Amino acid sequence: MLTQETFDELRRIIKNYSGINFEDRKKYFVENRVSQHMKELGITSIKDYLLTLRLSQERVRELVSKCTVNETYFYREFYQLEAFAELLPQMAARRRKVRILSIPCSTGEEPYTLAIVTNEILGDLNRVEIVGVDIDYVALKRAQEGIYSDRSVSKLPDKYLQKYFSRNGNGWEIKPLLKKAVKFIEGNILDRRFMRSLGRFEFVFCKNLLIYFDTKEQRIAAAHLYDVLSEDGYLFLGHAESMSRISSTFRPVKVKGAILYQKETEEDEE
Ligand SMILES: C[S@@+](CC[C@H](N)C(=O)[O-])C[C@H]1O[C@@H](n2cnc3c(N)ncnc32)[C@H](O)[C@@H]1O
């Protein structure tokens, strides 16, 4: 059993590294992940464990990886994909290459879904550059392997499952065409320098991440999303997320029933 003081210290360490905020009701969840980590490290006292975390960012990276919620699946929020499919050809007509960012990408279902839609709409994956970013290196390793369960592909239309996957044991493996189209990078949305190093994107998907942050971290993330979005680009958030209370630098636009965000221009502000 963690004391309240130890729990507070652990959640401070996790929040410092990732921005993820664990409320009191998540104590059991954190306790569970910590005891798993301690077992793996062969550490038996919580005092020694806290000391290890204080001395090693690598151990904190492992703990954060254990505490992330990686829930995701192919073709999540279909109405947003329809909006993306509607906007993509116009964007591609204006550029040699369209850049697409999925942050957080978790185990890869989201960026691979975007690769499928792109291939279906443009018929050429060389017209886009797709980047998937997540703070969790274990999730990213699975994304790179590209092997998925039946549950993960259950919302994917069968014709795409047949076209873009091959059977691998009990799972479904992404074909090389899609694997080659997505680049995965470990990174933190709250790290300004890292975010700037990514450059600008025409489509930014930041779905189901802001819900884990407090207002302060939400605002920092919003400022970084603003930085990576190109002037005519579109930002997609999760269905439970909205920019309205976080930042006034975006304006909502409705496309095919989906609320997306674009950069507020000076003209809009007048
Ligand atoms: C629920 S998943 C969302 C995946 C996908 N966008 C979707 O909506 O299906 C949340 C992900 O956020 C990642 N994450 C948490 N904090 C992060 C941070 N500060 N920077 C980048 N990724 C983070 C977690 O590792 C986890 O994989």
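## Exercises on a predicted model

Tyrosine 75 is found in the loop between α4 (57–67) and α5 (78–94), where helices (H or I, at least four residues) and strands (E, at least two) are DSSP runs numbered from the N terminus. This is a predicted model, so to speak of local features we need pLDDT of at least 70, and side-chain atom pairs count only at pLDDT 80 or more, while totals for chains, interfaces and linings use all residues. Residues are numbered from 1 along each chain as its sequence is written, and side-chain values use heavy atoms, with hydrogens and water left out.

**Exercise 1.** Describe the backbone at tyrosine 75 and at proline 104.

*Solution.* Start with tyrosine 75: its phi is positive, about 60°, although it is not a glycine. Next, go to the loop between β1 (98–102) and α6 (109–122), the place of proline 104. The peptide bond leading from isoleucine 103 to proline 104 is cis, with omega near 5°.

**Exercise 2.** Which residues are closest to the ligand, and how many surround it?

*Solution.* First, count the shell, taking residues with a heavy atom within 4 Å: 22 residues surround the ligand, the closest being Ser18, Thr72, Arg76, Asp134 and Asn208. Then look at polar contacts (pairs of N or O atoms within 3.5 Å). A side-chain N or O atom of asparagine 208 is 2.7 Å from a ligand oxygen, and a polar side-chain atom of glutamate 110 lies 3.0 Å from a ligand nitrogen. Finally, check burial by the Shrake-Rupley method with a 1.4 Å probe: taken alone the ligand exposes 610 Å², and the protein buries 99% of that.

**Exercise 3.** Classify the ring pair of phenylalanine 203 and tyrosine 234.

*Solution.* Recall the rule: rings of Phe, Tyr and Trp (its six-membered ring) pair if their centres lie within 6.5 Å; planes under 30 degrees apart count as stacked, over 60 as edge-to-face and the rest as tilted. Here the centres are 6.1 Å apart and the planes at 15°, so the pair is stacked.

Terms used
A polar contact is a pair of N or O atoms within 3.5 Å; within protein, one must be able to donate a hydrogen and the other to accept it, and residues adjacent in sequence count only if both atoms are side-chain atoms.
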